[in-house]
Amino acid sequence: MDTVKTESFLRISAALLLVLTACLVGFDSQTKLLFYSIVRKATFRDMNALIVLVWVDSVAAGYNLLHLLFKSSLCSSWFKGKNIPMVSHPYMAWFCFFLDQATVYVVFAANSAAMEASFLAVTGSSIFQWMKVCNRFTRFCVQIGGALLCGLVASVLLTAISFLSAFSLFRLYSPNQFLVLKSR
């Protein structure tokens, strides 16, 4: 399997996992009756980290799908007509590399922040007098846990995409001289 097919497969898989994460978190809610008269509904809007996670994963999935569309159809046909393949264009390779790096870091940071906030919901904190939320909203917490697992797998896939992006960038340069393009 060549790098283009591998990268396409990884991008599609990562985008599907990111969309799955955003949907699982965004549509998760549970309503409970507390103290015989108080009705409480738990949603992702109760934690700011989960709101950020939904937005970041949605944008990252959109970026990966746009990158796939742009790289496969539009740009290839433009550059093939001019005998300049997009993959070997150094400015485009640097741009894709930086965007892929930024995507990996932002998605990993959002997933890590959501995991930390969810850990506090599971364990509580007696110092701050925060109660354990997952004792009351078990289904909600299990679904958030599954979503966070999907987000973690998506982060690993995005890291692999970043490695492939770095490979396609640095194969354009000479191995003997530092950052000197290979002659065509």
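Analyst: A166 counts as buried, at 17% relative accessibility; buried means under 20% relative accessible area, exposed over 50% and partly exposed in between, with a 1.4 Å probe and protein chains only. The residue is found in helix α4, and that helix is the part examined here. This is a predicted model, in which local features need pLDDT of at least 70 and side-chain atom pairs count only at pLDDT 80 or more, while totals for chains, interfaces and linings use all residues. Residues are numbered from 1 along each chain as its sequence is written, and side-chain values use heavy atoms, with hydrogens and water left out.

First, the setting. The chain has four helices and two strands. Helices (H or I, at least four residues) and strands (E, at least two) are DSSP runs, numbered from the N terminus. Read from that end, the order of elements is α-β-β-α-α-α. Of the 184 residues, 40% count as buried.

Helix α4 covers residues 138–170. An unreviewed UniProt entry carries the annotation "transmembrane region" for residues 146–170, and also for residues 9–27 and 47–70. Such positions are given in the numbering used here, feature names are shortened, and annotations may be inferred rather than shown by experiment. In the model, the span 146–170 is 100% helix and 0% strand, with its end C-alpha atoms 36 Å apart. The span 9–27 is 95% helix and 0% strand, and there the end C-alpha atoms lie 27 Å apart.

Now the neighbours of α4. Two packed helices are described by the angle between their axes and the distance between the axes. Here axes are lines fitted to C-alpha atoms, for helices over the stretch in contact, and angles run from 0 to 180 degrees between N-to-C directions.

The angle makes α3 roughly antiparallel to α4. Angles under 35 degrees count as roughly parallel, over 145 as roughly antiparallel, 65 to 115 as roughly perpendicular and the rest as oblique. The crossing of α3 and α4 is left-handed, a term used if the near helix is turned anticlockwise from the far one by less than a right angle; if clockwise, the crossing is right-handed. By class, the contact of α3 with α4 has 18 nonpolar, nine polar and one charged residues. Ala, Val, Leu, Ile, Met, Phe, Trp, Tyr, Cys and Pro count as nonpolar, Asp, Glu, Lys and Arg as charged, and the others, Gly among them, as polar.

Some residue pairs give this picture detail. F97 lies in helix α3 and is buried, with a relative accessible area of 13%. A166 and F97 are 69 residues apart in sequence, yet their C-alpha atoms are 6.1 Å apart in space. F97 can also be set against I161: these two are 64 residues apart along the chain, with 9.4 Å between their C-alpha atoms. Elsewhere in α3 is N111, which is buried with a relative accessible area of 1%. The C-alpha atoms of N111 and S155 are separated by 8.3 Å, and the two residues by 44 positions along the chain.

The other neighbour described here is helix α1, residues 3–26, whose axis comes within 8 Å of that of α4 and crosses it at roughly 155 degrees. At that angle α1 is roughly antiparallel to α4. The crossing of α1 past α4 is left-handed. The contact of α1 with α4 has 18 nonpolar, seven polar and two charged residues.

N64 counts as buried at 1% relative accessibility. S8 is 56 residues from N64 in sequence and 9.3 Å from it in space, C-alpha to C-alpha.

Finally, the strands. Six bridges join strand β1, residues 29–34, to the antiparallel strand β2, residues 38–43; two strands pair if DSSP finds at least two bridges between them. Q30 has A42 in β2 as its bridge partner, and T31 stands opposite K41 in β2. Three residues lie between the strands of this hairpin, where F35 takes a positive phi near 55 degrees.
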